[in-house]
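Biologist: I am new to this structure and would like to learn how to read it. Could you take me through it one feature at a time?

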Amino acid sequence: SHGSVFCAIGEAGFLGYVVFGFPDKNLYLMESSFYGNATYVFGDNWEKLSQKTKGEILQESSQKDRIIHQKGWEEKIDELLK
């Protein structure tokens, strides 16, 4: 609903994730289709980071943000993409 420019489907550690690209905002959201997971927010290095495991990304704090699917999740995404 926010008008992403493209989307891509994740593999390996990101199986079940879809990337929504907003290059004009330098934001790339890796969104899980499974409740209880999280949305990972990356910058223009999203392709390289998407090849790492979620554990590596979290350990290195490589993400711009990580929004866990819980109450208020949709509002946080809306705010991020304003």
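Modeller: We will go from the overall layout to strands, ring pairs and salt bridges. This is a predicted model, where local features need pLDDT of at least 70 and side-chain atom pairs count only at pLDDT 80 or more, while totals for chains, interfaces and linings use all residues. Residues are numbered from 1 along each chain as its sequence is written, and side-chain values use heavy atoms, with hydrogens and water left out.

Biologist: Which elements make up the secondary structure of the protein?

Modeller: Helices (H or I, at least four residues) and strands (E, at least two) are DSSP runs, numbered from the N terminus. Here there are three helices and five strands. Read from the N terminus, their order is β-β-β-β-α-α-β-α.

Biologist: What share of the residues counts as buried?

Modeller: Buried means under 20% relative accessible area, exposed over 50%, and partly exposed in between, with a 1.4 Å probe and protein chains only. Of the 82 residues, 32% are buried. The accessible surface, from the Shrake-Rupley method with a 1.4 Å probe, is about 5,300 Å², and 51% of that surface belongs to carbon and sulfur atoms.

Biologist: How do I read contacts across the sequence?

Modeller: A contact means heavy atoms within 4.5 Å. Among contacts with a separation of 6 or more, 35% are between residues 24 or more positions apart.

Biologist: How many bridges join strand S2 to S3?

Modeller: Two strands pair if DSSP finds at least two bridges between them. Strand S2 (residues 17-22) and S3 are joined by six bridges and run antiparallel. Within this pairing, Val19 has Met30 as its bridge partner, and Phe22 stands opposite Leu27. S2 and S3 form a hairpin with four residues between them, and Asn26 in the turn has a positive phi of about 55°.

Biologist: Which way do the side chains of S3 point?

Modeller: In a regular strand the side chains alternate between the two faces of the sheet. In S3, Leu27, Leu29 and Glu31 point one way, whereas Tyr28, Met30 and Ser32 point the other way. S3 is mostly covered, with six of its six residues buried.

Biologist: How many aromatic pairs does the structure hold?

Modeller: Rings of Phe, Tyr and Trp (its six-membered ring) pair if their centres lie within 6.5 Å; planes under 30 degrees apart count as stacked, over 60 as edge-to-face and the rest as tilted. There are two aromatic pairs here. The rings of Tyr28 and Trp46 have centres 5.7 Å apart and planes at 20°, so this pair is stacked. Because Tyr28 lies in strand S3 (residues 27-32) and Trp46 in helix H1, the pair ties together parts that are 18 residues apart in sequence. Both Tyr28 and Trp46 are buried. Tyr40 and Phe42 form another stacked pair, at 6.4 Å centre to centre with 10° between the planes. Tyr40 is buried at a relative accessible area of 3%, and Phe42 is buried at 0%.

Biologist: Where does Ser50 lie?

Modeller: Ser50 is in the loop between helix H1 (46-49) and helix H2 (54-60). A polar atom of the Ser50 side chain lies 2.8 Å from the backbone oxygen of Glu47. The C-alpha atoms of Ser50 and Met30 are separated by 8.5 Å, and these residues are 20 residues apart along the chain.

Biologist: How many salt bridges does the structure hold?

Modeller: Side chains of opposite charge can pair when their charged atoms come close. A salt bridge is a side-chain nitrogen of Lys or Arg within 4 Å of a carboxyl oxygen of Asp or Glu. The structure holds two. Lys52 and Glu60 form one of them, at 2.7 Å from N to O. Lys52 is partly exposed at 25% relative accessibility, and Glu60 is partly exposed at 44%. Lys82 and Glu79 also meet in a salt bridge, at 3.6 Å from N to O, and both of these residues are exposed.

Definitions and conventions: Polar contact = N/O pair within 3.5 Å; in protein donor to acceptor, adjacent residues only side chain to side chain.
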